[in-house]
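I set them down in the order in which I consulted them.

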Amino acid sequence: MEQFLRFADEVADARRSGTPIVALETTILSHGMPYPQNLETAREVERIVREAGATPATIAVLDGAIHVGLSDERLTRVAREPMLKLSSADLAYAISSGKSGATTVAATMRCASLAGIEVFATGGIGGVHRGAEQTMDVSGDLEALATTPVTVICAGAKAILDLPKTLEALETRGVPVIGYGIDEFPAFWSRSSGLPLSLRVDSPEDAARLIRTHYALGFETGIVIANPIPVRDEIPRAEMEGFIRAAIAETDTANVHGKALTPWLLDRILTLSGGRSLEANIALVRSNARLAAAIALSCFRNSNP
Ligand code: PSU
Ligand code: MN
């Protein structure tokens, strides 16, 4: 499988010395945020991971190769060039036909796992869409979480989703969903969803111990660490819900579905909220990167006492 992987120099060095690495996804950049904010965010998130003492590995498929760690030139390509949105089902196609694409949570987890990276920071995971009773639109992220041993640090699932059903689906698949310093599932742009979580950790050390224990028990699922957006950056749930409902109501007439749905909704919500949703999105990604680096460092200390 190494034949498909191209490591950036800093990632290759970190792998050689066995120091902590944090994987980062690219769909959030290419399909989730406008240019140039996406590029600025990508650079800043990498800087945050480095400052915390870990190595960032931003992942994308470029011209048929899985890049683990992107040069600034490649990062710029991902931020500016229209490219495919790659979930698990699309990876082999993109690689075997020499195409380029940004990786979703699902595809990034697979690439991280192939590269031996255990910790991954993103914004929010995909899940069960509202109206899934009719559309059966359920993100491949859930299946990837069920089958890929990578820990995902996120601000919950995007609140455009059906959050109760998303939690049920994760429970069925045996994926631990752990609140970080919180007893409920965060709702991405808002800290609160009203949905209780029974698992909670309050420090990177506790998270690292839990991760080690989960895999020592022989499980091969992913783990979700749900880190609420910082208080000062959140948009209260009642307010967000108005933007979300308005955007979803427009999807019928706009005739969007499938892969295009999540990016379309995020873009509409950005407009409806007057840009505030993007500010919040950037803030929560930063916060998740910081926590992911701290957890990766604790995992590293655990295995190198
Ligand atoms: N969260 C965001 N912006 C995004 C996504 C999540 O704030 O762009 C992306 C992630 O890459 C996630 C994907 O894996 O949306 C899920 O898309 P879908 O529902 O089509 O599986
Ligand atoms: Mn879908």
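I looked up the lining of the largest cavity in this predicted model and found that H2 and helix H3 (37-51) each supply at least two residues. H3 gives the largest share, 4 residues. Helices here are DSSP runs (H or I, at least four residues), numbered from the N terminus. I noted the definition of a cavity: on a 1 Å grid over the protein atoms alone, it is a set of points where a 1.4 Å probe fits but cannot get out, and lining residues have an atom within 4 Å of a point.

I recorded about 120 Å³ of space in the largest cavity; a volume is the space filled by probe spheres set on the points, which are joined across faces, edges and corners. Its lining includes Leu24, Glu25, Ile28, Thr41 and Val285. By class, I counted 7 nonpolar, 3 polar and 2 charged residues there. Ala, Val, Leu, Ile, Met, Phe, Trp, Tyr, Cys and Pro count as nonpolar, Asp, Glu, Lys and Arg as charged, and the others, Gly among them, as polar.

I searched the whole structure and found 2 cavities of 30 Å³ or more. The second largest cavity has a volume of about 50 Å³. Helix H13 (276-303) gives the most to its lining, with 3 residues.

Of its 31 lining residues, Lys85, Thr104, Ser139, Lys158 and Thr262 are the closest to its centre.

Ligand 1 sits in the largest pocket, in that more than half of its atoms lie within 2 Å of the grid points. I listed 16 residues around ligand 1, each with a heavy atom within 4 Å of it. I looked up polar contacts, pairs of N or O atoms within 3.5 Å. A polar side-chain atom of Lys85 lies 2.8 Å from an oxygen atom of ligand 1, and one of His129 lies 3.3 Å from an oxygen atom of the ligand.

I noted that residues are numbered from 1 along each chain as its sequence is written, and that chains are lettered from A and ligands numbered from 1 in the order in which they are written. Local features need pLDDT of at least 70, side-chain atom pairs count only at pLDDT 80 or more, totals for chains, interfaces and linings use all residues, and side-chain values use heavy atoms, with hydrogens and water left out.

Definitions and conventions:
Polar contact = N/O pair within 3.5 Å; in protein donor to acceptor, adjacent residues only side chain to side chain. 1 Å grid on protein atoms, 1.4 Å probe; cavity = no way out; pocket = protein on both sides within 12 Å on 5 of 7 lines; lining within 4 Å.
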